[in-house]
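Reader: I'm new to reading protein structures. Could you take one part of this one and look at it closely with me, then move on to a few other spots?

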Amino acid sequence: MRWATFAGVCVVALVWAAYSVGAQNGSFLTQDFGAQYHLAKITAHGAIPLVDFEHGWNAGSFWVNAALYAIASGSPTIWYFLWGRLLGAGLGAVLAAAIGLRLRLHPAVMIALALGVLLLATPLHIKYTICLLWVFVLLPTGWLESRPRLAAAARVLLPALVFWQYVELAVLLTGASGLFELFARRSAPWRTRLLNCVQLAGGFVLGLVVQAVAYKLVWGLSFADFNRQVILGQTETHEGSQYAVWNFFDLPTESGRFFILALYPFALLIPFVPLVWQRISDSTRLIALAGLVLVVVPIRRVDNPHTTTVSALVLLAVVLAVAELYERRASLTEPKPTRTVIALPLAVLGAAWAAATLWIGFGLQSMLGAVLLVALAIAGATLGAAFLGRAVAVVSAGALVALGGVPALAAVDHLDDMRRDAKSFAVSDSIARWAGPEYERCSGGTREALVMPNYLELYDALAITNPTPYYLFHYDFAQYEDVLVPQLEDGSIPVIIETMPLHTPQPWLTDAIRANYVPCSVVRIEKQATTVTIWTHKSRGDVQQRDLTVRGGAMGLTR
């Protein structure tokens with residue numbers, strides 16, 4: 001069943017990757033993706049790329065892109081399908097399912113992991129699938145751990161290879177694995193864990209040295225120029241890098257993905273709540289730490305794409321934690337939580353830890369914020385799980401209340417902002433303001449009028465009533481022709497306020513109006529891009545016809 005599930009995920013990922021791609025046009029080639037396409041093109045034609053330190057791209061990534069460019073025969077659409085969709089979200093979903101396969105998870109959990117990565121935390125392109133590949137290779141379980149030499153080779157070669165691809169991810173993920181060995185691994189002795197850290201660091205240094213030597217020997221680039229391109233020199237040009245304050249109560253709402261930005265800080269810290277940290281496996285701890293360290297990416301740029309694309313590991317850690325807690329649910333009542341008078345202060349302590357971690361980690365407008373976030377999360381998890389004993393449940397409850405309270409309150413605040421800022425009746429209010437006086441002039445005092453086809457709020461705004469039972473001018477409105485046309489002819493509908501053209505053409509209706517009514521007033525409201533025509537029945541005699549335009553807050557005759 002697990003292998004069948006994995007095969008199904010592969011098929012779904014391929015289909016999704018293909019059907020989520022649109023034909024790329026000229027604007028695509030002027031944006032970030034277009035820059036990567038152009039660099040892939042010139043690399044395929046023989047250019048020797050170095051590194052874009054700000055985004056972490058390194059030489060190997062450009063060569064991979066060049067190979068994809070060649071496979072795509074230069075087509076931007078096929079290249080983006082391969083580089084972005086297939087090797088981004090598609091491969092990410094496959095790796096998520098593969099992680100479930102390695103951990104021997106229930107097929108339903110494997111599907112949840114894969115669909116979560118595919119549809120919610122969607123890696124933008126191949127760069128961020130490296131994060132999933134990293135944890136898949138280094139999971140402290142199964143066949144790799146049973147072969148010490150193979151495991152040591154993986155810890156050395158993986159950082160070296162990732163360094164050639166993406167400097168930023170090599171730094172962050174090597175650091176995350178080191179933190180795992182030092183603070184989170186339980187099944188290995190300290191000597192082994194320290195040796196593992198040395199192997200990880202050695203692999204990173206190996207990647208740096210091999211690249212420097214290769215550029216020196218093959219292309220004649222001096223070590224000083226290499227350093228300026230790859231490490232220290234480039235950082236000097238980015239001292240003013242933007243590290244934004246994550247304002248929980250004033251988050252942007254573009255693309256309708258507000259929930260990603262609202263839930264990310266909350267979900268990020270769930271595995272580090274002491275009670276959860278105690279009971280999750282070492283594999284889940286590694287995934288959680290890798291997701292935690294990657295927080296520097298969305299903190300530097302608080303937006304949907306950066307938050308979404310690094311959320312895959314966070315999502316995996318939360319799903320795995322929930323699954324493991326469910327499996328261990330029988331043991332969650334032991335030991336029983338403390339029931340002393342200090343329960344409330346302990347809960348407050350947990351809430352204070354969670355609030356401080358969020359406030360400091362996401363609030364400092366510098367790299368220090370991300371560093372403190374990682375430190376506070378790890379300290380709270382490890383110290384709390386080790387020393388709280390029977391009080392761990394109470395402290396964890398307080399932490400979860402604080403963590404859950406932030407997105408909950410932010411959601412309420414967001415709805416309140418939208419309530420105050422929304423212009424739900426802006427058009428109808430504008431019509432009532434500018435066309436209302438014209439209605440009074442044209443109507444001759446009658447309070448009966450037909451509003452068509454929309455902005456039914458005008459009935460209340462102008463204090464008028466509808467002399468017909470008809471309000472919605474839908475596609476089959478012609479069924480009322482036999483009843484409505486006589487009313488239009490005999491004048492029982494004295495005034496018609498036309499606010500916009502009919503969505504579905506009704507020639508019989510518009511012909512009857514033009515035959516029996518006079519356009520007493522035409523009011524063009526430029527700000528709302530709306531034209532209102534007030535028709536009066538011919539039986540009311542001659543009326544003064546006016547054509548007015550509202551521009552810049554003032555109304556005058558249309559020129």
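Author: Let's start with helix 7, whose buried residues pack against helix 3 (59–71), helix 6 (129–138), helix 8 (167–184), helix 9 (190–219) and helix 10 (223–230). Contact here means heavy atoms within 4.5 Å, and buried means under 20% relative accessible area, with exposed over 50% and partly exposed in between (1.4 Å probe, protein chains only). Helices (H or I, at least four residues) and strands (E, at least two) are DSSP runs, numbered from the N terminus.

Before we go on, please note that this is a predicted model, in which local features need pLDDT of at least 70 and side-chain atom pairs count only at pLDDT 80 or more, while totals for chains, interfaces and linings use all residues. Residues are numbered from 1 along each chain as its sequence is written, and side-chain values use heavy atoms, leaving out hydrogens and water.

Which residues of helix 7 are buried? Among them are Ala 151, Ala 152, Leu 158, Val 162, Phe 163 and Trp 164, and Arg 155 and Gln 165 are on the list too.

Now for the cysteines. The whole structure holds one disulfide, a term for a pair of cysteine sulfur atoms within 2.5 Å. Cys 442 and Cys 520 form this bond, with 2.0 Å from S to S. The two partners lie 78 residues apart, Cys 442 in helix 21 (residues 426–443) and Cys 520 in strand 3 (residues 517–525), so distant parts of the chain are linked. The torsion about their S-S bond is about -85°, so the disulfide is left-handed. Cys 442 is buried at 4% relative accessible area, and Cys 520 is buried at 0%.

Cys 197 is in no disulfide either. Cys 131 is buried at 4%, and Cys 197 also counts as buried, at 17%.

Finally, look at Thr 5 in helix 1 (residues 2–19). Thr 5 is buried at 11% relative accessibility, and beyond its neighbours within four places in sequence, it is in contact with Pro 107, Met 110 and Ile 111.
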